[in-house]
Amino acid sequence: MYVKICGLSEPEHVAAAVEAGADAIGFVMTRSPRQVTPERAAELAAAVPDHVLTVGVFRGESPETVRAAALVSGVRGIQLHGKHPHGDFTALKDLGHTLIRAVDVKADLRCGAYDEDLLIVDAPHPGSGEPWDWSAVRGHPSGHWILAGGLAPSNVAEAIAAAEPWGVDVSSGVELAPGVKDSDLIRRFITAARP
Ligand SMILES: O=C(O)c1ccccc1NCC(=O)[C@H](O)[C@H](O)COP(=O)(O)O
């Protein structure tokens with residue numbers, strides 16, 4: 001089970017996620033309680049070993065803005081939320097980054113339909129921590145797809161059983177308050193996702 005921990009902003013939580021076995025960690029570089037600047041993301045990403053994918057998270061920015069932030073931060077993955085057209089993915093392809101399309105269940109659920117490498121199927125409000133009917137997506141996405149939205153240590157096993165994803169992604173469920181991560185919750189989430 002591929003596990004991504006999103007919305008990190010402190011070195012201790014980056015270290016906890018890496019040590020606990022996260023496959024990917026996300027730095028939110030769009031409006032959010034978890035927003036970090038590209039420069040701060042660069043500091044955090046510098047401590048991450050190569051086997052863990054560092055991801056910049058964006059929503060609605062132009063490809064030019066995303067490209068600049070990705071290059072300053074040094075992340076190796078780009079996650080686009082919202083109604084980004086296919087052309088935005090095409091415009092970023094030459095970077096060679098792992099491209100991630102993040103959508104809700106009503107979108108095109110074929111991973112690769114927008115030339116992306118990974119697909120995240122999320123709640124309608126990303127980063128809200130709101131659970132949704134994960135079983136509704138079961139059997140619909142194709143390829144490497146990641147379930148997100150309202151996941152937590154207490155429910156991630158249930159969500160995996162309901163949706164049968166390739167991976168899982170969490171933010172609010174490993175926080176004490178919006179934007180305040182907790183190392184113990186990060187460890188518990190990863191253990192629960194990979195029993
Ligand atoms: O985290 C945010 O605040 C955010 C804001 C704008 C776009 C995306 C955002 N987060 C993206 C993520 O990858 C979250 O991990 C994902 O939406 C799940 O969030 P949660 O329900 O809080 O676990």
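Here are a few friendly notes on the structure above.

1. This is a predicted model, in which local features need pLDDT of at least 70 and side-chain atom pairs count only at pLDDT 80 or more, while totals for chains, interfaces and linings use all residues. Residues are numbered from 1 along each chain as its sequence is written.

2. Let's start with the whole chain. It holds six helices and ten strands (DSSP runs numbered from the N terminus: H or I of at least four residues for helices, E of at least two for strands). Along the principal axes, the C-alpha atoms fill a box of roughly 40 × 35 × 25 Å.

3. How much of the chain is buried? Buried residues account for 47% of the 195 residues; buried means that 20 or more other C-beta atoms, placed from the backbone, lie within 10 Å of the residue's own, exposed means 12 or fewer, and partly exposed is in between.

4. Now look at the ligand. It is surrounded by 25 residues, and the closest are Cys6, Ser32, Gly127, Ser171 and Ser172 (a residue is near if its C-beta atom, placed from the backbone, lies within 6 Å). Strand 2 (24-28), strand 3 (53-59) and strand 8 (167-170) each give two or more residues to this shell.

5. Finally, find proline 11 in helix 1 (residues 11-20). Proline 11 counts as exposed because it has 12 C-beta neighbours inside 10 Å. Leucine 44 is 33 residues away in sequence, yet the C-alpha atoms of proline 11 and leucine 44 are 6.0 Å apart.
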